[in-house]
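Q: I have a chain open in the viewer and would like to go through its fold with you. Could we begin with the pairing of residues between strands?

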Amino acid sequence: MKLRSFLASGALFLSMVAMGSAKSWDIMVDSATKAGNVVLPAGNYSVKLNNNQALFTSESGKKYTVAVKVENAAKKYDQTTVQTEKQGDAQVIQSIDLGGTTEKLDFGE
């Protein structure tokens, strides 16, 4: 009886941890792209929001942290989109709309 209760408690704890973990969004950059003061090499990234910090994690596990301003829209974004602008020879991320939320990450300086 105690073992069954212990296993049920463990399963409940694991499900709560999974639900409480931060949501992430996947993006891809085609070439080296500047986000804030960081240059992201071309590749696929997972983006997580932690207060006013965007955490980019590459497929290889390298992490980049960038300060952002979080703005809220009146309506949820259907998909995650990245707005970039060419400045000189470099691509620069201006903002990222986070799909499924009303949040937009603004990288403007």
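Predicted model: local features only at pLDDT ≥ 70, side-chain atom pairs only at ≥ 80, totals over all residues.

Q: How many bridges join strand 9 to strand 10, and in which sense do they run?

A: Three bridges join them, and the two strands run antiparallel; strand 10 covers residues 103–106. They form a hairpin with five residues between them. In the turn, G100 has a positive phi of about 85°.

Q: What stands opposite V82?

A: V82 stands opposite I96 in strand 9. Strand 8 and strand 9 run antiparallel and are joined by seven bridges.

Q: How many residues lie between the strands in that hairpin?

A: There are two residues between strand 8 and strand 9, and G88 in this hairpin takes a positive phi near 70°.

Q: Where does strand 2 come in, and is its pairing with strand 9 parallel or antiparallel?

A: Strand 2, residues 33–35, runs parallel to strand 9, with two bridges joining them. T33 has Q91 of strand 9 as its bridge partner.

Q: Back to L105. Which residues is it in contact with, beyond its sequence neighbours?

A: Setting aside neighbours within four places in sequence, L105 is in contact with V47, L49, A54, V68, K69, V70, Q94, S95, I96 and L98. L105 also belongs to the largest nonpolar core, which has 19 residues. Together with L40, F56, I96 and F107, L105 touches the most other members of that core.

Q: Which elements give two or more residues to this core?

A: They are strand 1, strand 3 (38–40), strand 4 (43–50), strand 5, strand 6 and strand 9 (90–97). As a general point, nonpolar side chains tend to be buried together in soluble globular proteins.

Q: Changing topic: in what order do the strands of the open sheet come?

A: Four strands form the open sheet in the order 1-4-5-6, with antiparallel pairing. Its edge strands are strand 1 (24–29) and strand 6 (63–67), each of which pairs on one side only. From one strand to the next, the twist averages 30°.

Q: How many bridges do strand 5 and strand 6 have?

A: Strand 5, residues 53–58, pairs with strand 6 in the antiparallel sense over five bridges. T57 has K63 in strand 6 as its bridge partner.

Q: Now A73. Where does it lie?

A: A73 is in the loop between strand 7 (69–72) and strand 8 (81–87). Its C-alpha atom is separated by 6.4 Å from that of E103, although the two residues are 30 apart along the chain.

Q: What about the chain overall, in terms of helices and strands?

A: The chain has one helix and 10 strands. Of the 109 residues, 28% are buried. The accessible surface comes to about 7,500 Å², with 54% belonging to carbon and sulfur atoms.

Q: What is the average pLDDT of the chain?

A: The average is 84, and 79% of the residues score at least 70. Over residues 1–21, however, the pLDDT is below 50, and this stretch has zero contacts in the model beyond near neighbours in sequence.

Conventions. Residues numbered from 1 in each chain as written. Heavy atoms only, no water. Buried < 20%, exposed > 50% of the residue type's maximum accessible area, 1.4 Å probe, protein only. Areas by Shrake-Rupley, 256 points an atom, 1.4 Å probe, with all protein chains shown as cover. Pairing = 2+ DSSP bridges. Axes fitted to C-alpha atoms, helices over the stretch in contact; angles between N-to-C directions. pLDDT = per-residue confidence, 0-100. Contact = heavy atoms within 4.5 Å. Core = buried A, V, L, I, M, F, W, Y, C linked by side-chain atoms within 4.5 Å.
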